[in-house]
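This report describes selected parts of one protein structure in plain terms. The sequence and the model are shown first, and the text follows.

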Amino acid sequence: MAPKKKDEGPVKGPWMLGKFSTHLKVGLVGAPNVGKSTLYNSLSKSHHSEAANYPFCTINPSETRVHVEDERFDWLVDFVKPKSVVKPFLTIVDIAGLIKGASTGEGLGNAFLSHINAVDGIIHVMRAFEDETVIHHDDKPNPVADIEMITSELRIKDIAMLRLMYEAHCRMKQGAATSNPQALKNWETERDAILKFIEYLESGKDIRLGMDQWSTKDIEYLNEYSLLTAKPVMFAVNLNLNDFKRKKNKFLKPIFDWVQANAPGSLIIPYAGSYEEELQDLDAKACKEREESEEGAPSALPKMIRNAFSMINLVYFFTYGVQEVRAWVIRRGMKAPEAGGVIHTDFTKAFIMAEVMAFHELKEAGSEAAMKEKGRWRQEGKNYEVLDGDCIQFKIGQLMAAKK
């Protein structure tokens, strides 16, 4: 009999934190009055969130879809001139400001933390400008102190949740001990994992930073628990326009040093909230003219959206024809049948094959006929992992044909 598979050591391979889903969201998180609602309105090109000069002007979270701009999508549209288009999108949630003590309910903190729990990735919005006309929750801007406070509150909440889980788990011991040995072993494995997570958080580190320590079984538990500090993060730094154009002010170096020490690998994106607010109501031509009038200072929002999208492990593939060009959002790592299922659920069951072209090869070749001549029009089976930017036609079987 083959030896049992061991689950020891750090994760190696495709295991990822987070839900294996296409319906993922990113939340805007920060202290009060740092510019979250203004950023949300600019991202969504709307005025759905109240942006006011007082703390907690946002209480209930707002949610919107924002388009992910992609030159590949634009090329396909020019290539086939379709009757309709469906761009890729990202769901953004505006979450109210957190203050010290939020983990114990201060400032409606429990409600706001539950809103963070409902998203899959976090954009930490940080105020890095001084303006006496804009109230700051702690007298004067200190973005590093703000982010320290917020990340500490998230860790405290996670620790409290894990301790409750540990107590509940211990109450289950008698049942596990009187059942079969495998049940007892499973109980012990999860107990040890919970204690390991608590110890890691109490050392001042966020769960997502421990990927070199978590086993595949640990990842299964973490994906079930959905801890706040397991979510991927990026940092949007709100500057005044002059500092944004020169990418320099007294706050940026301390922010960079803090991120390198506490969230290594996470992206920092400077932007100017007041400037983006001006751009949001302009059409494409007027927006370009406005950017050029500011010495070519481009909007930072397309970069922010693209990176937030990939941060939560989303990708998309294309289908195209004269009727429609469409980007289908999937989770990175999805196999062809599951990816087809986002088009129609029966595609997964009736899957025969996927005819695939890599976008960059199609663009270089210039036509489908040229791709076939080069042998680059590929037929892939059920184990094919769909890649970002694939152009796909699915072949389906009689299950779907019978329904037509």
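In this predicted model, F79 is partly exposed because its relative accessibility is 30%, which falls between the limits for buried and exposed. W75 is also partly exposed, with a relative accessible area of 22%. Both residues belong to helix α2, which covers residues 71-80, and they sit four residues apart, about one turn of the helix. Under the rule used for ring pairs, the count comes to 16 aromatic pairs. W75 and F79 form a stacked pair, with 4.8 Å from centre to centre and 20 degrees between the planes.

What kind of pair do the rings of F309 and Y316 form? Their centres are 5.4 Å apart and their planes stand at 70 degrees, so the pair is edge-to-face. F309 counts as buried at 4% relative accessibility, and Y316 is buried with a relative accessible area of 4%. Ring pairs link F73, W75, F79, F309, Y316, F318, Y320 and F359 into a cluster.

**Strand β8**

Y316 is one of the residues on one side of β8, where L314, F318 and Y320 are buried as well. Strand β9, residues 324-331, runs antiparallel to β8 and is joined to it by seven bridges. F318 stands opposite A327 in β9. A hairpin of three residues connects β8 to β9.

**E355 in strand β10**

E355 is part of strand β10, residues 351-358. Is this residue buried or exposed? At 12% relative accessibility, E355 counts as buried. Apart from neighbours within four places in sequence, E355 is in contact with W377, R378, Q379, C391, I392, Q393 and K395. With W377 there is a polar contact between the side chains, at 3.5 Å.

**Charged residues**

The count of salt bridges comes to 20.

| D120 | K19 | 3.2 Å |

D120 forms a salt bridge with K19. D120 lies in the loop between α3 (109-117) and β5 (121-127) and K19 in the segment before β1 (25-29), so this pair ties together parts that are 101 residues apart in sequence. D120 is buried, with a relative accessible area of 13%, whereas K19 is partly exposed at 43%.

D206 is in the loop between α6 (181-202) and α7 (216-225) and R155 is in helix α4 (residues 143-171), so the pair ties together parts 51 residues apart in sequence. Both D206 and R155 are buried.

E220 and K217 lie three residues apart in helix α7, about one turn of the helix. E220 is partly exposed at 36%, and K217 is partly exposed at 31%. Elsewhere, K245, E278, R290 and E294 are linked in a network of salt bridges.

Charges also sit over rings. The charged end of R65 is over the ring of F89, 3.9 Å from its centre, and K247 lies over the face of F244, at 3.7 Å from the ring centre.

Terms used
Residues are numbered from 1 along each chain as its sequence is written. This is a predicted model: local features need pLDDT of at least 70, side-chain atom pairs count only at pLDDT 80 or more; totals for chains, interfaces and linings use all residues. Side-chain values use heavy atoms; hydrogens and water are left out. Buried means under 20% relative accessible area, exposed over 50%, partly exposed in between (1.4 Å probe, protein chains only). Helices (H or I, at least four residues) and strands (E, at least two) are DSSP runs, numbered from the N terminus. Two strands pair if DSSP finds at least two bridges between them. Contact means heavy atoms within 4.5 Å. A polar contact is a pair of N or O atoms within 3.5 Å; within protein, one must be able to donate a hydrogen and the other to accept it, and residues adjacent in sequence count only if both atoms are side-chain atoms. Rings of Phe, Tyr and Trp (its six-membered ring) pair if their centres lie within 6.5 Å; planes under 30 degrees apart count as stacked, over 60 as edge-to-face and the rest as tilted. A charge sits over a ring if NZ of Lys or CZ of Arg is within 6 Å of the ring centre and within 35 degrees of the ring normal. A salt bridge is a side-chain nitrogen of Lys or Arg within 4 Å of a carboxyl oxygen of Asp or Glu.
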